[in-house]
Structures are given as C-alpha cells and as structure tokens.
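My entries follow in the order of looking.

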Amino acid sequence: MNLKWSLLERQMQENGVQTLLITDPKHVYYLTGFLSNPHERFLATAMTLGEEPFLIVPALDEEAARAASDIGHIYTHTDTDNPYLVLNQALKGSTGTIALEKNHLSVARFESLQEHLTFARYRDIGPWLQDMRVRKSADEITKIKHAVSLIEQVLQEGLSKVKEGVTENELVAEIEYQIRRLGADGPSFDSMVLSGEKTALPHGVPGTRKLQYGDLLMYDIGVYADGYASDITRTFAFGEPSPELTQIYNTVLEANEQAIRSIKPGVSFASIDLAARTVIDQAGYGKYFMHRLGHGLGIDVHEYPSIHGQNEALLQEGNVFTVEPGIYIAGLGGVRIEDDIVVTADGVEVLTSFPKKLTILE
Ligand code: MN
Ligand code: MN
C-alpha cells in the first residue's frame, strides 16, 4: 500500500470510518494510477479498513486498468451488470461509516448506494484529499513541468501564425492543432486568444475579430499531459503599443515579479496576493485588477488553494499554483501575465519560462 493510502487509512482510523469510496475519476487516478473517462459507467476505488484497496472498473477497461494501476484487486462490471451489487460484494457487506466524495457523487448515485449498501453514517472525504493534493510529490511536479514545457512549445509554434487580419478563432485553431501535434492529452481548458479591446475581458470568448496594428494580443492556454495541467498567459503587442498600454504592461509585469519574489514556505497566500496588488494600486490601476492572484494547479487546472487577500493559510513546500495579475480597462485593453510556480524548501521555482518582457510582434 503506497503512502497516499496509508494517509487515508490513518484518517479512517482517527475518524471512525470503516469504508472509503472514491468515485471522481481524477481521484481514482491520483490514488491508483489509472486515468480514464468512464462517461456514465461506474468507476470507483474503495477500501475497507484493514484490507487492501480495490478498483471497480467497466469490463471494457479491465486491461487498461491492470496495465496502469498498482492495485491488485480489480472487479469489473459489464453494461448489463448492476455495479452497486459488485461493489457490495467487494466490500463483503461490512460498510459501517462510509466516507465518500460529496463534491462528486450525484444524488442519483447516492440513492443507489443507499439502496444496495448498508451503512450507518456517511461523511465527506473531500477535505482529506484536499490536504493531500495541496502538497505535490516530486513525481507530480515532474508531470506538471512536462505539461508546462508542452504548452510553451505550443505557444511558440502558435505565434508563427500571427499576422495582420488573422482572427482570434484562427489563432485558437492553431494552438489546438499544436497541442495535439506536440503530444499533449488535450487542452486543460478552452484555449483563449483575445485581441485589441477584447483583451479587457478576463473571461472573454475568442471570435472573428481581426488582428490590427496597435492591438494587444493575449494568449491564455494550457494542456493536460499525464493527467496534470499547465496554465499560462502571455500578452503581446502587435505593432508598436501606445504609451498607456506599455505602462499597463510594465505594471502587470512588476506585480507578477513582486508576487513571485514574495513566495516561500510559511508566508500566507493573502500576502502573495497583496504583494502584486500593492504594485498595481500604487500605479493607480487598483480598481482594474478585479480578480484573485491565482489558483492551485495539478490534476485540476483550478484547484485548492485560492490565492486571494482573505486566504490566511500558509504556503508549504510542494504547493503548486499560478501567479496571474492583470489590469483590464474596458474599451482600451487588458494585460495578464500568468506563471506556474512550485514552492520549494526555501523559496520558489518558476515552472514557466516563456519570456515576459514586452514583446512586439510584427
Ligand atoms: Mn490561465
Ligand atoms: Mn489560471
């Protein structure tokens, strides 16, 4: 049994839980190494206290699960089986208090569990998994670095299509082509390329706007690779930018760098947000930075922790999160510069390496 299961077993003992049931495919991957999208079919990993963990997978996934996972006991169900009966047999009827994922289990599935298992009480496993996931292992950091490396190659290739008159949608299409060509599993969220005044929309949707000289051009893109996400934003100038856009750019860059300089174990997430926000406030753009500084990154592209001014939790070695200050002025344009970082024993390692100095594309 690996370290993650040992930690869960200790939580079970301390909390009087006899049975663990994990149904989120990402958590099944996190705990067993088997990554799959089961669609509507039932996929779970489970454990009874004192026994070995097991997997329940659709029969058509059995070979893939055996190849990917170090879990010895794999139960299967066909499309005509009732997976809850298979689960009940695997648990040998002894459920006691069951810990499950409130965030993931639908009401319909919970009712099926109630119908087929006998458990006295249930409780949420979410906080246990969150505490584990917030500190990444060396293996996880290696996977995130790979996802970062891929998206930076994608961005480099994608820029070759930048020219006057090209649409945002055409630039997105090139990004998504390069994501596949370079071997990522796929985008980690809807790829975003915005130009001109649309860069002022933090969650803008790419469309048919044509690129013209004097525009800002913003790429916010990421990939999944080996089940781990990357997430990067770079903003470029297409042709010579106005003095005001240049000043906004340099302010965001300074905020990004100040925040990164403030990262080390033991300081609060709030203080990292404040480091960036102070730079932007002092430049007079405070009200135009209307979102949090960043978010955790791992098997989800947005995961715990949220890096904002109210989060007084302290940074720990192994935290991986984004640093993405921005300034957005309606009708004029916006700049965001987003890096992915890992907290090290004595400071920070910046995983993204794409240049941040204002680049003028011609
Ligand atoms: Mn992003
Ligand atoms: Mn982000």
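Entry 1, the sheet. I looked up an open sheet of 3 strands, in the order β7-β10-β11, with antiparallel pairing. Helices (H or I, at least four residues) and strands (E, at least two) are DSSP runs numbered from the N terminus, and two strands pair if DSSP finds at least two bridges between them. β7 (186-187) and β11 (228-229) are at the edges with a single partner strand each, so one side of each has no neighbour in the sheet. Between β7 and β10 (residues 223-225) I find 2 bridges, in the antiparallel sense. Gly186 has Tyr224 of β10 as its bridge partner. Helix α7 (residues 138-158) packs on this sheet and touches β10 and β11; contact means heavy atoms within 4.5 Å. The direction of α7 makes about 135 degrees with that of β10 (axes are lines fitted to C-alpha atoms, for helices over the stretch in contact; angles run from 0 to 180 degrees between N-to-C directions).

Note on the model. It is predicted: local features need pLDDT of at least 70 and side-chain atom pairs pLDDT 80 or more, while totals for chains, interfaces and linings use all residues. Residues are numbered from 1 along each chain as its sequence is written, chains are lettered from A and ligands numbered from 1 in the order written, and side-chain values use heavy atoms, without hydrogens and water.

Which residues of α4 (residues 83-90) are buried? I list Pro83, Tyr84, Val86, Leu87 and Ala90; buried means under 20% relative accessible area, exposed over 50%, partly exposed in between (1.4 Å probe, protein chains only). They lie on the same side of α4, because their arc around the axis is only 155 degrees (taken from the directions from the helix axis to the C-beta atoms). Their cover includes β1 (19-22), β2 (44-48), β3 (54-58), β4 and α5 (107-116). At the start of α4, a side-chain oxygen of Asn82 comes to within 2.8 Å of the backbone nitrogen of Tyr84. Lys92, after α4, has a positive phi near 55 degrees.

Is Asp70 buried or exposed? Asp70 is exposed, at 59% relative accessible area, and sits in the loop between α3 (62-68) and β4 (73-77). Leaving aside neighbours within four places in sequence, Asp70 contacts Asn2 and Thr32. Thr235, in strand β12 (residues 232-238), is buried at 1%. The side chain of Thr235 reaches the backbone oxygen of Arg336 at 2.8 Å.

Technical notes. A polar contact is a pair of N or O atoms within 3.5 Å; within protein, one must be able to donate a hydrogen and the other to accept it, and residues adjacent in sequence count only if both atoms are side-chain atoms.
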